[in-house]
Amino acid sequence: MDLKNIHPIDLDFKGNDLEIFSFLVESDEGPVLVETGPHSCLTTLEAGIAALGYKLTDIQHVFLSHIHLDHAGGAWCFAEHGAQIYLHPLGYKHMHNPEKLLASALMIYGDKMDSLWGTLKPIPAEQLHSVDDGQVITIGNLAFTSWHTPGHAKHHTAWQLENVLFTGDLAGIKRKEGPIIPPCPPPDIDIELWVLNIDKVLAIEEIDRYYATHGALISNPAQHMAKLKESLIAFADFIKPYYLKNIPAQEILLPFSEYVTRRLALQGMTGAQIKIFMEGGALLADIFGLLRYWSKKLS
Ligand SMILES: [Zn+2]
């Protein structure tokens with residue numbers, strides 16, 4: 001794949017760079033998009049698309065890794081302009097009828113919902129395409145293969161384009177050359193399944209680089225995934241004794257924050273970067289996710 005046809009667009013989420021990317025890929029039938037980011041970043045995304053010489057309405061095909069709002073929250077806007085949306089079969093009903101997805105996000109984010117994520121509208125069934133594991137979607141000269149990769153979420157798929165894999169959250173969060181952070185939100189997080197699917201994509205010999213939604217280009221997949229596996233297992237192991245002692249999530253937040261801060265600093269992240277990461281509120285979600293993981297695994 002000629003990498004010059006792939007354009008990462010930094011969505012400048014909450015004014016910070018490298019947080020969330022969308023990827024515009026040029027085909028001989030026009031531009032397609034991999035991930036839309038959240039609805040709240042639509043203006044930035046539109047400006048990024050315009051900087052590449054296209055209009056929002058030129059995007060007629062959108063590939064989603066999974067339906068979490070930081071990846072798929074803007075998809076309905078493209079659907080309103082006629083775009084076809086490709087996703088994992090288990091994500092389908094939530095994009096067609098987003099009430100449940102919206103309600104659970106509202107429960108977590110409350111009055112920050114609008115500023116963080118924006119809103120969601122239903123996507124008509126005829127524009128939503130459930131894609132099976134290994135299925136190929138061809139747009140002009142581009143052939144995207146869907147690799148179902150649950151672990152982070154059960155509706156997760158990674159999209160292969162020749163030697164490139166768009167990893168969604170399968171490859172975690174990357175901060176420049178710094179640490180690799182595993183996002184572990186509830187309700188689906190499953191460490192063994194995630195590791196299994198890391199090995200599944202590592203076994204595809206043709207792939208030699210990744211584009212991660214949180215961090216963009218990864219040019220050393222094997223090394224990257226080895227580090228991610230180590231972090232995933234370390235995060236889960238940290239939470240396990242708290243689960244066994246039935247300690248509530250809020251009381252785990254301080255020790256877990258200290259633990260993660262130490263790890264990130266050791267792995268080369270600056271104090272300012274760690275602060276931005278911590279302020280995102282992801283750690284509490286990770287605690288809830290990992291407690292749920294252990295309760296499912298050990299019950
Ligand atoms: Zn994500």
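**Close-up 1. Buried residues of helix H4 in the predicted model.** In this predicted model, helix H4 spans residues 89-96, and its buried residues are Gly91, His94 and Met95. Viewed down the axis of H4, these buried residues fall within an arc of 100 degrees, so they line one face of the helix. An α-helix has 3.6 residues a turn, so residues three or four places apart point the same way.

**Close-up 2. The crossing of helices H9 and H11.** Helix H9 (residues 249-266) packs with helix H11 (residues 282-298) at an angle of about 115 degrees, and the two axes are 9 Å apart. H9 and H11 are therefore roughly perpendicular to each other, and their crossing is right-handed. On the H9 side, the residues that meet H11 are Ala249, Ile252, Leu253, Phe256, Ser257 and Val260, whereas H11 contributes Leu283, Leu284, Ile287, Phe288 and Leu291. Sorted by class, the residues of this contact of H9 with H11 comprise 10 nonpolar, one polar and no charged.

**Close-up 3. Helix H7 alongside helix H8.** Helix H7 (residues 191-202) and helix H8 (residues 221-244) have axes 11 Å apart and pack at an angle of about 175 degrees, which makes H7 roughly antiparallel to H8. From H7, the contact is made by Ile191, Trp194, Val195, Ile198 and Leu202, and from H8 by Pro221, Ala222, Met225, Leu228, Lys229, Leu232, Ile233 and Ala236. The contact of H7 with H8 holds 12 nonpolar residues, no polar residue and one charged residue.

**Close-up 4. The crossing of helices H8 and H11.** The axes of H8 and H11 come within 9 Å of each other and cross at roughly 70 degrees, which makes H8 roughly perpendicular to H11. In this contact, Phe235, Ala236, Ile239, Lys240 and Tyr243 of H8 meet Asp286, Ile287, Leu290, Leu291, Tyr293, Trp294 and Ser295 of H11. The residues of the contact of H8 with H11 divide into nine nonpolar, one polar and two charged. Aspartate 237 also belongs to helix H8, and this aspartate is exposed, with 11 other C-beta atoms within 10 Å. Between aspartate 237 and glutamate 80, which lie 157 residues apart along the chain, the C-alpha atoms are separated by 44 Å.

Close-up 5. Valine 25 lies in strand E2 (residues 21-27) and is buried, with 22 other C-beta atoms within 10 Å. When its neighbours within four places in sequence are left aside, valine 25 is in contact with Asn5, Ile6, Pro31, Val32, Val34, Leu142 and Leu161. Proline 179, by contrast, is 154 residues from valine 25 in sequence and 27 Å from it in space, C-alpha to C-alpha.

Close-up 6. Most residues other than glycine have a negative phi, and most peptide bonds are trans. Aspartate 12, in the loop between strand E1 (6-10) and E2, has a phi near 55 degrees, a positive value in a residue other than glycine. This aspartate is partly exposed, with 18 other C-beta atoms within 10 Å. Alanine 216 likewise is not a glycine and yet has a positive phi of about 65 degrees; this alanine is found in strand E14 (residues 216-218) and counts as partly exposed, with 17 C-beta neighbours inside 10 Å. The peptide bond that runs from proline 186 to proline 187 is cis, with omega near 5 degrees, and proline 187 is placed in the loop between strand E12 (180-181) and H7.

Methods: Residues numbered from 1 in each chain as written. Predicted model: local features only at pLDDT ≥ 70, side-chain atom pairs only at ≥ 80, totals over all residues. Buried ≥ 20, exposed ≤ 12 C-beta atoms within 10 Å, placed from the backbone. Helix = DSSP H or I, 4+ residues; strand = E, 2+ residues; numbered from the N terminus. Arc of directions from axis to C-beta. Axes fitted to C-alpha atoms, helices over the stretch in contact; angles between N-to-C directions. Parallel < 35°, antiparallel > 145°, perpendicular 65-115°, else oblique. Left-handed = near helix turned anticlockwise from the far one by under 90°. Contact = placed C-beta atoms within 7 Å. Nonpolar A, V, L, I, M, F, W, Y, C, P; charged D, E, K, R; others polar.
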